[in-house]
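This report looks at one protein chain, from its overall makeup down to single residues. Please have the sequence and the structure at hand while reading.

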Amino acid sequence: MNGLTISVPKFLLITFILQVWMLPSFSQGDDIFGIERKISGRKSNNELGNVFRNMISNFSFEISGGSAYHSNLMEFYSDSANHYPFSPLQEEEGIGLNLEDTLSLRGGQMVMPINVGVRLKLFNFLTLGAGYGREWGQMSALNSTAFDFNFDGQKYIIDRLYGTVGMVLWDADKRISFLKWRYTNFSENNIYMQSELKLRARQVYPWRVILEGEFGSSIIRESFDPRITSPDPYYALGIRVERDFSEYTKFFVKPSVGFRSHNYQHPDLPEFQVMDQRMYGLQLGVSLSMPGTKRCKVGGCGVVMKHIHNGVEYRGSSIWKRQNRKVGEWYGN
């Protein structure tokens with residue numbers, strides 16, 4: 001019996017080596033205690049329901065608001081400049097405005113937009129979306145060094161119908177790929193560094209960065225001037241930064257810059273003047289994904305993670321809580 005006696009330090013050392021040696025045998029989607037973190041089971045008892053639930057889980061609805069600043073530029077030129085609402089030259093001297101060169105007129109004001117939309121996630125790499133937006137703003141007179149170009153009013157309301165295309169630049173999957181690349185300099189036999197890699201890769205990473213393009217049409221509901229039209233489509237480019245609160249809910253911030261134009265046409269002249277507009281905006285919003293997995297209603301089941309009953313996947317928590325829990329959070333209310 002004395003030959004089989006193992007001291008406590010040696011026993012702890014052997015236990016640690018066995019745990020590290022067994023660790024690589026578990027994939028990232030599995031838990032070392034036997035509860036799966038990623039379950040690829042069925043979401044319904046029938047084929048049609050399973051296809052439908054897998055499909056709707058890629059859709060999300062969102063609402064956002066914020067503020068923006070629009071900067072306007074009109075490169076004005078006309079042989080009939082005295083027909084346009086310039087001041088102070090027309091008012092003070094009462095003579096026509098004669099231009100030999102193009103006159104650059106500039107102006108800017110704040111605007112308050114709000115948007116509602118839907119997004120479709122494709123392969124965790126692309127997003128497609130569509131939405132409706134409304135903006136309330138003001139338009140001041142356009143200024144040059146000597147003249148003001150005046151509009152009939154100031155306040156306006158514009159509706160927007162738009163589509164979006166987004167490319168995921170950074171998320172949890174790309175972070176894992178980056179970590180693996182960072183640790184390629186270490187040998188696979190380096191137990192300490194490989195264990196550190198696995199621990200960092202299994203951390204919950206809630207951030208996502210998306211490069212998003214937006215394009216659509218503008219509909220003037222209330223105009224600052226009846227001579228203004230917006231026949232051309234607009235487009236915008238932004239960086240969307242998302243933070244997950246749970247698997248189904250997220251908060252996002254989106255700075256962007258948009259480009260569109262308005263046409264000013266005097267009713268007595270066949271020509272029109274183009275006013276180019278840039279919109280520098282910041283949106284804050286929330287997004288809610290459709291839960292493709294049904295809430296578990298099996299009596300006596302207290303599992304709060306995703307789990308399986310009779311081959312069908314269920315979630316154990318509301319959509320406002322994380323489904324991928326850690327030790328100590330597997331069971332409870």
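The sections below go from the whole chain to a surface patch and then to one histidine.

## The chain as a whole

The model is predicted. The protein chain contains 15 strands and five helices. Of its 333 residues, 39% count as buried.

Among contacts with a separation of 6 or more, 70% are between residues 24 or more positions apart.

## A nonpolar patch on the surface

A nonpolar patch lies on the surface, with about 1,100 Å² of accessible area together. Its members are Ile63, Met112, Ile114, Val116, Tyr132, Trp136, Leu161, Phe245, Phe251, Leu282, Leu284 and Val286. At least two residues of the patch come from each of strand 3 (103–122), strand 4 (126–138) and strand 12 (273–289).

Val116 is one of the patch residues, and its place is in strand 3.

## A buried histidine in a loop

His266 sits in the loop between strand 11 (249–264) and strand 12. His266 counts as buried because its relative accessible area is 10%, and the cut-off for buried is under 20%.

The side chain of His266 reaches the backbone nitrogen of Asp268 at 3.1 Å. Apart from neighbours within four places in sequence, His266 is in contact with His83, Tyr84 and Glu271.

Definitions and conventions
Residues numbered from 1 in each chain as written. Predicted model: local features only at pLDDT ≥ 70, side-chain atom pairs only at ≥ 80, totals over all residues. Heavy atoms only, no water. Patch = residues over 30% accessible without salt bridge, like charges linked within 9 Å, V, L, I, M, F, W, Y side chains within 5 Å. Areas by Shrake-Rupley, 256 points an atom, 1.4 Å probe, with all protein chains shown as cover. Salt bridge = Lys/Arg side-chain N within 4 Å of Asp/Glu carboxyl O. Helix = DSSP H or I, 4+ residues; strand = E, 2+ residues; numbered from the N terminus. Buried < 20%, exposed > 50% of the residue type's maximum accessible area, 1.4 Å probe, protein only. Contact = heavy atoms within 4.5 Å. Polar contact = N/O pair within 3.5 Å; in protein donor to acceptor, adjacent residues only side chain to side chain.
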